Amino acid sequence: MDRGFIDEKTIKEAEEAAKKLGKDSEKYAFLLDRLKEERERGITINLTFMKFETKKYFFTIIDAPGHRDFVKNMITGASQADAAILAVSAKKGEFEAGMSPEGQTREHLILAKTMGIDQIIVAVTKMDLTEPPYDEKRYKEIVDTLTKFMKSFGFKMDKVKFVPVVSPTGENITRKSENMKWYTGSTLEEYLDALEMPPKPVDKPLRIPIQEVYSISGVGVVPVGRVETGVLKVGDKVVFMPVGKVAEVRSIETHHTKMDKAEPGDNIGFNVRGVEKKDIKRGDVAGSPNAPPTVARQGSGHLAPDCHLGRLHSGGSRSYGERSLQNLRAGRQTGSEDRSGGREEPAVLEDGRSGHSQVQADQGPRGREIQRVPATRKVRHEGHG
Ligand SMILES: Nc1nc2c(ncn2[C@@H]2O[C@H](COP(=O)(O)OP(=O)(O)OP(=O)(O)O)[C@@H](O)[C@H]2O)c(=O)[nH]1
Ligand SMILES: [Mg+2]
């Protein structure tokens, strides 16, 4: 807001909605939380994408939910991020809750690491609500606890920054705080500018994992996703896998701005002619018909069962709502990063551990001959898997 990327009208609208619900203190949260349920419950549910520019970069902010009920959306958001800002409350009891065994701060750090995000800016928020306010000792305690935990989880701490902030007033976000003279580090905005830009693999074949598909009246089908590799241009033909349908790209947009081509890292919506909305789904991948995304029934990868799923057995099976991961069958685990320095090929990957597994889909990827699993089905635990 301090940088003028949110217009007056949007700010007014958020303020009024907050007033109406008697939640004046949440007017800024309402800028990103726009669903009725989000505003009533005072939590983020959906992902919100918003553009933002610093002196150095054009950012897409992905606001992701912290609440554990919506962790699936958080994972989708994290999968598209190059870096993360983790907001951690300094308020008495709130930090402790986040770091408890079931806590959300703990879970978000584990997920960020699992999704390959190593650049993290930890914003220690609510510094105005510490006892006493703006307490340096409380900040240091939080930094120490998080540093220990993150180190044990394999984060390289030279890529992790900590900054004490007060969100509603913007202290240490866009300007140094008068109330925290003891803090000598950079502002959050300066840390954003110091992030390292990941390489842009423009020479690789086009791959756009689809996050959502819209059908907009007067426009047509608009898949949304982030370009991971390659380049997409207006007029190009694209193929959506696994359905295998080819379509033509009529326009590309990022944050309501038209563009002629999109490159790795760009979050885009692109209007296509030649497919229907029902043909494509979250989790599908768009690519060039000359070098289409391949579809496999078997593969190997680094798996990290999290506390929602529990243990993962060799030979166990598990089904997922997202059909790209239907009924994974864990094969032999070929390695392990068991933090207790455990066995090479354990039969079970426990919660909190990770290891290389060979996996196989019981059903083939979705084709016309294969029954579709309803998208709303929750992650389910089968047998003892
Ligand atoms: N006093 C004070 N209040 C804050 C600060 N940061 C956030 N809040 C308040 O805390 C409440 C929750 O803030 P949100 O921005 O919704 O928190 P969030 O992390 O996005 O929450 P989820 O998206 O639901 O995980 C709101 O009422 C904010 O105004 C702060 O630094 N100081
Ligand atoms: Mg939120």
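**Paired strands and buried loops**

Author: Seven bridges join strand 3 to strand 4 (residues 119-125), and these two strands run parallel. This is a predicted model, in which local features need pLDDT of at least 70 and side-chain atom pairs count only at pLDDT 80 or more, while totals for chains, interfaces and linings use all residues. Residues are numbered from 1 along each chain as its sequence is written, and chains are lettered from A and ligands numbered from 1 in the order in which they are written.

Reader: Why are strand 3 and strand 4 said to pair?

Author: Two strands (DSSP runs of E, at least two residues, numbered from the N terminus) pair if DSSP finds at least two bridges between them; strand 3 and strand 4 have seven bridges, and therefore they pair. Within this pairing, alanine 83 stands opposite glutamine 119 in strand 4.

Reader: What makes strand 3 and strand 5 edge strands?

Author: In the open sheet of three strands, with the order 3-4-5 and parallel pairing, strand 3 (83-89) and strand 5 (160-164) each pair on one side only.

Reader: Is tyrosine 134 buried or exposed, and how do you know that?

Author: A residue is buried if 20 or more other C-beta atoms lie within 10 Å of its own, exposed if 12 or fewer, and partly exposed in between; tyrosine 134 has 21 within 10 Å, and is therefore buried. Tyrosine 134 lies in the loop between strand 4 and helix 7.

Conventions
Helices (H or I, at least four residues) and strands (E, at least two) are DSSP runs, numbered from the N terminus.
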